[in-house]
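Please read these points beside the sequence and the 3D view. They go through one chain, topic by topic.

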Amino acid sequence: MPLPDLIMALAVLLLTPGPTNTLMALAGAERGARGAAGFIPAELAAYLSVTVPLAMAGAGVMAAVPGLLPLVTAAAAIWVLWLAIRMWRRPVPQQVAAATVTPLRVFLTTLLNPKALIIGLVLLPGPSLPLRTAVFAALVCGAALAWISLGTVLARRGNSPVPGLTPLLRRSAAVWLGLLSAALAFRAVFA
């Protein structure tokens with residue numbers, strides 16, 4: 001995947017509402033932007049601990065079994081499409097766990113985030129893995145800051161960060177996921 005396409009795919013995936021992003025928004029609401037920014041290393045460490053080994057091992061396995069890359073890419077396309085449909089149909093929960101957001105909670109939530117599998121197996125593998133990983137790390141930090149900022153802004157307005165995720169925002173994210181799914185499906189068929 002060329003670098004501009006990788007950047008777009010990663011940005012869309014990382015900015016999509018999900019459990020880690022919800023925690024980052026809640027952290028922004030609870031602690032403000034400065035206090036919540038300290039959680040970014042936990043998110044980044046979790047993502048890198050999953051994606052880099054998958055990208056490294058995945059590249060070797062994909063090279064040894066040439067037909068596997070289209071299958072994994074197709075599976076990722078189906079998963080992303082399922083996420084898009086789910087996001088389009090279901091409202092964002094009105095309540096997120098009442099416990100205060102902690103770095104450990106952010107780390108564990110991110111570690112279990114299915115986005116990491118898609119990123120590690122489909123998006124990151126390729127030439128110049130160190131450069132691709134650096135771009136990914138920068139985008140993780142940027143997406144985290146965006147969600148923290150959203151939570152901070154909504155808290156200043158007196159709103160909860162979860163209801164602030166309007167149906168339009170969720171539907172827009174679902175459309176982006178649908179487009180990413182289509183791109184992955186195209187790649188699976190024509191790669």
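1. Some terms come first. A residue is called buried when its relative accessible area is under 20%, exposed when that area is over 50%, and partly exposed in between, with a 1.4 Å probe and protein chains only. By that scale tryptophan 88, at 41% relative accessibility, counts as partly exposed.

2. On sources: this is a predicted model, in which local features need pLDDT of at least 70 and side-chain atom pairs count only at pLDDT 80 or more, while totals for chains, interfaces and linings use all residues. Residues are numbered from 1 along each chain as its sequence is written, and side-chain values use heavy atoms, with hydrogens and water left out.

3. The overall make-up is helical: the protein chain has 8 helices and 0 strands. Helices here are DSSP runs of H or I with at least four residues, strands are runs of E with at least two, and both are numbered from the N terminus. In sequence order the pattern reads α-α-α-α-α-α-α-α. Of the 191 residues in the protein chain, 42% are buried.

4. Which residues form the nonpolar patch on the surface? They are Met8, Trp88, Val175, Trp176 and Leu179, and together they have about 510 Å² of accessible area. Areas of this kind come from the Shrake-Rupley method with a 1.4 Å probe, and for residues only the protein chains shown count as cover. A patch takes residues with over 30% relative accessible area and no salt bridge; nonpolar side chains (Val, Leu, Ile, Met, Phe, Trp, Tyr) are joined within 5 Å, and like charges within 9 Å. A salt bridge is a side-chain nitrogen of Lys or Arg within 4 Å of a carboxyl oxygen of Asp or Glu. Helix H8 (residues 167-190) gives the most to the patch, with 3 residues. Tryptophan 88 belongs to helix H4 (residues 68-89).

5. Next, a helix pair. Helix H2 (residues 19-37) packs with helix H5 (residues 103-111) at an angle of about 160°, and their axes are 8 Å apart. Axes are lines fitted to C-alpha atoms, for helices over the stretch in contact, and angles run from 0 to 180 degrees between N-to-C directions. H2 and H5 are therefore roughly antiparallel, a label for angles over 145 degrees; under 35 counts as roughly parallel, 65 to 115 as roughly perpendicular, and the rest as oblique.

6. Helix H2 also holds alanine 29 and glycine 35. Alanine 29 is partly exposed at 27% relative accessibility, and glycine 35 is partly exposed at 35%. For glycine 35 and isoleucine 148, 113 residues apart along the chain, the C-alpha separation is 9.6 Å.

7. Where does serine 128 lie? It is in the loop between helix H6 (114-123) and helix H7 (129-156). Most residues other than glycine have a negative phi. Serine 128, although not a glycine, has a positive phi of about 60°. Its relative accessible area is 45%, so serine 128 is partly exposed.

8. Glycine 60 lies in helix H3 (residues 40-64) and is partly exposed, with a relative accessible area of 43%. Glycine 60 and proline 125 are 65 residues apart in sequence and 9.5 Å apart in space, C-alpha to C-alpha. Leucine 112, in the loop between H5 and H6, is exposed, with a relative accessible area of 70%.
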